[in-house]
Amino acid sequence: WFNRFTALQFMDMNNYNRIRVVAPADGQTRPEILAEANSGIFDDTIISENTRQIVTALLDGRSASKDPENEAYRHLLVAVCNHWHSSMPFMFERIADFTELLMPDDLLSSSSVLADLRAVMTAENCADVEVIGWLYQFYISEKKDEVFEGLRKNKKVTPENIPAATQLFTPHWIVKYLVQNSLGRLWMLNRPKSALADQMEYYIAPEVPETDFIKISSPEEIKVCDPAVGSGHMLTYAFDLLYAIYEEVGYDSTEIPSLILENNLYGIELDQRAGALAAFALTMKARDKHRRFFSRKIAPNICVLKNISFETEELREYVNAVGRDLFTAPLRATLTQFEEADNFGSLIQPELQNVETVRQHLESQDISSNLLLKSTHDRVMTVLRMVDYLSSKYHIVVANPPYMGNRNMHERMSSWIRDQYPDVKSDMFSAFVVRCGQIARHSAYVGIMSPNVWMYISSHEKLRL
């Protein structure tokens, strides 16, 4: 609900909701959608007849309730969330009713979470979608304090606490520096006379002309990945640079936002809430540039890694159904690599290489009549989608990876890092440096924000080499 409320208030402040859902209309105190309902006004494109009847009965006293306005408002919120599901399913999953996902009880008082949100998310603060990331960092701050207090008592960081322990919102000037000197640099090498340099205050032009760089004939070719995307700050700024690049080449301004989200930007994350906010932030960037973007129903390329496991017997039945020839040793091994995805995240190195061939074959299989096989099939396809993100090669890789020394890792994480990244096992960030290089194409640019200890501490000697 924090994600949903944040999203709705941001859209209110940018006039993306036809009727304000969290914010009141000017001069009012109640959310505009509730004030309108009190006057018998409903948006038929959002509020169904059934919801309208329920809300009206509550507000005119025909339905008994201890707090009719709060209850009516909760029904309206569910209707709005379900309305946005078709455009942004990553943020607004379909809800049966307001009790399903533990919506907070008090939403209308001056001390409610919505009142606090309105005070912070003013129109001025919502002029830049960056506010989403800062809010999320504040949201997890108490948990972060708990985790670090535990570290002082020698408690290790468990998988469910990794996001709180490692997520830091990257300051905007650092984001600009990294993206301008990776994505911006690649474009300037391909278009030396580009005016893009005028927009990049942190860009450092090479002193000696470079000849060994990736040749780009169209901006649609460029693939930018953040393997620890968090709430999406790196990618939202990359969106700005890409938009300028497309404009410079002469693309139709109404097509550019869709092209960027479909072709250029990729994020990988293990925290579902942060991943949803990253996808939302990119959608808002696109909507800002194209008024009718929501109608296109384009979801950003944000992959939230999930724990997925298979029973031996169910996998055997599935193999028999779809064909044994396809299930090579690398595929079988890969299907076991995501049992602890919330632990290892983007550090997972899939053994399967020909993921697209395998996925196309399995997508062609018709197993809809067998519900048990369909459950297995859906999970296999989810694994392959994650593998696709983790095994692709990108022109640009930018990240502010998690920092965690091995002394703070729980035993399973520590032993896995030692096994998978023996030369850089002393800290999670150093393993990410190696991993970023693995998913980068030859001659790609990699921009990483990291502690400077890798430059001089002996435990990072092999990383320096």
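1. A crossing of two helices is called left-handed if the near helix is turned anticlockwise from the far one by less than a right angle, and right-handed if the turn is clockwise. In this predicted model, the crossing of helix 1 past helix 5 is right-handed.

2. Two packed helices are described by the angle between their axes and the distance between the axes. For helix 1 (residues 2–13) and helix 5 (residues 113–120), the axes come within 10 Å and the crossing angle is roughly 45°. The two helices are therefore oblique to each other.

3. Aromatic contacts form the next topic. A pair of aromatic rings is described by the distance of the centres and the angle of the planes. The structure contains 13 aromatic pairs. One of them joins Tyr246 and Tyr251 in an edge-to-face arrangement, with 4.8 Å from centre to centre and 85° between the planes. Tyr246 is buried, at 0% relative accessibility, whereas Tyr251 is partly exposed, at 25% relative accessible area.

4. Trp416 and Tyr421 have ring centres 6.2 Å apart and planes at 55°, so this pair is classed as tilted. The relative accessible area of Trp416 is 10%, which makes this residue buried. Tyr421 is likewise buried, with a relative accessible area of 2%.

5. Tyr16, Trp84 and Phe294 belong to one aromatic cluster.

6. Lysine side chains also meet aromatic rings. Lys215 places its charged end over the ring of Phe213, at 4.2 Å from the ring centre. Lys289, for its part, lies over the face of Tyr243, 4.5 Å from the centre of that ring.

7. How many disulfides does the structure hold? The number is 0. A disulfide is a covalent bond between the sulfur atoms of two cysteines. The assignment used here requires a pair of cysteine sulfur atoms within 2.5 Å. For Cys225, the closest cysteine sulfur is that of Cys436, at 7.8 Å, which is too far for a bond. For Cys303, the closest cysteine sulfur is in Cys225, at 9.6 Å, and this separation is also too far for a bond.

8. Are these two cysteines, Cys225 and Cys303, buried or exposed? Cys225 counts as buried, at 0% relative accessibility. Cys303 is buried as well, with a relative accessible area of 0%.

Conventions. Residues numbered from 1 in each chain as written. Predicted model: local features only at pLDDT ≥ 70, side-chain atom pairs only at ≥ 80, totals over all residues. Heavy atoms only, no water. Phe/Tyr/Trp six-rings, centres within 6.5 Å; stacked < 30°, edge-to-face > 60°. Buried < 20%, exposed > 50% of the residue type's maximum accessible area, 1.4 Å probe, protein only. Lys NZ or Arg CZ within 6 Å of the ring centre and 35° of its normal. Axes fitted to C-alpha atoms, helices over the stretch in contact; angles between N-to-C directions. Helix = DSSP H or I, 4+ residues; strand = E, 2+ residues; numbered from the N terminus. Parallel < 35°, antiparallel > 145°, perpendicular 65-115°, else oblique.
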